[in-house]
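Morning, everyone. I have one chain to show today, and I will keep it brisk. Please have a look at it first.

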Amino acid sequence: MAEFAMELINTKKRIGQKEIIKGLSFQIHKGEVFGFIGPNGAGKTTTIRMMVGLMGITSGDILIQGNSIKTKHKEAVKEVGAIVENPEMYPFMSGWQNLMHYARMSEGVTTERIQEVVSLVGLDKTIKQKVGRYSLGMRQRLGIAQALLSRPSILILDEPTNGLDPAGIREIRQYIRRIAKEEQVAVIISSHLLSEIEMMCDRIGIIKNGELITTESVRSSDEKEESGQLQALQMEAEPLDKAINLLQSSHGIKAVREGNLLVFQTKKENVPELIKTMVAHDIAVYQAGIAKKTLEDKFFDLIGENTIE
């Protein structure tokens, strides 16, 4: 059995004289939600097209459940389900009729399996209604159900929450997490909504100019509260200038202002003593905690500003 759901091995794509994808190498684990992000023109769509077998690879390889997409194309691509933006369905047919229609295109999809995916995406009550009456979120869920019919190992979703209202976005997020957990499907999501990627994904891969910048856990090392390690902390205190001067004079800690907060580095175990010192000097401390960077902060740290074309 393959160790990874998908593995890219020095994958390259050249169009004419231009190298579009420059040696991508990373793995996607079974049952995880993996966010694939980058600025426009970075190579995300080209990479996804190679993943699903719609575009040839110039060199390197992509293994899906251990099968090379180059030498065992049929075995590899049958493990992949994919939706690119809004799924296309027949509006004059019911959700159930649409799924029955798509089921005929795949071997071994039973009525029981159709009912299983309908329940998985929460469409039991509306599956007999015509798709033309579905909301965008319901159509997205029906598209995911269709992609899951043949029990793929990998589900690729390109902008799955595009055009949805906040309730629809939350709904799709919950179902994607559920699918990964209950079906042990590796879900690959490409999106520009970094806040959604942060809430939805276990890991991210960032691509820029056809090169992989990093892959890392969304809940990365800056959130680990390890004893004895310097950590970025933030504190709300008044008066702020007095607190900054006190940290420097009493503890040799250089703090900077960020809005109404002061941010500095120290060991976690030093925090109680720092707060005692401030209180003893008539400084009011309202809150203190680890200064966590958002995915958006990390993205622009790695990619740079003004990179989206």
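Start with I172. Leaving out residues up to four places away in sequence, I172 touches G137, Q140, R141, I144, P160, T161 and L164. Contact here means heavy atoms within 4.5 Å. I172 sits in helix α6, residues 166–183. Is I172 buried or exposed? Buried, with a relative accessible area of 0%. The cut-offs: buried is under 20% relative accessible area, exposed is over 50%, partly exposed is in between, with a 1.4 Å probe and protein chains only. From I172 to A232 there are 60 residues in sequence, and 33 Å in space, C-alpha to C-alpha.

A word on the source. This is a predicted model, where local features need pLDDT of at least 70 and side-chain atom pairs count only at pLDDT 80 or more, while totals for chains, interfaces and linings use all residues. Residues are numbered from 1 along each chain as its sequence is written, and side-chain values use heavy atoms, with hydrogens and water left out.

Now the whole chain. The chain has 10 helices and 14 strands. These are DSSP runs, numbered from the N terminus: helices are H or I with at least four residues, strands are E with at least two. Of the 309 residues, 46% count as buried. The C-alpha trace spans about 75 × 50 × 40 Å along its principal axes.

Next, a helix pair. The axes of α3 (95–103) and α4 (111–120) come within 11 Å and cross at roughly 130°. Axes are lines fitted to C-alpha atoms, for helices over the stretch in contact; angles run from 0 to 180 degrees between N-to-C directions. W96, L99, M100 and A103 of α3 meet T111, I114, Q115 and V118 of α4. What is the split by residue type in this contact? It is 6 nonpolar, 2 polar and no charged. Nonpolar covers Ala, Val, Leu, Ile, Met, Phe, Trp, Tyr, Cys and Pro; charged covers Asp, Glu, Lys and Arg; the others, Gly among them, are polar.

Last, a sheet. It is open, with 4 strands in the order β12-β13-β11-β14, paired antiparallel. Two strands pair if DSSP finds at least two bridges between them. β12 (256–258) and β14 (284–290) are the edges, each with a single partner strand, so one side of each has no neighbour in the sheet. β12 and β13 (261–267) pair over 3 bridges. R257 stands opposite L262 in β13. Helix α8 (240–251) packs on the sheet, touching β11, β12 and β13.
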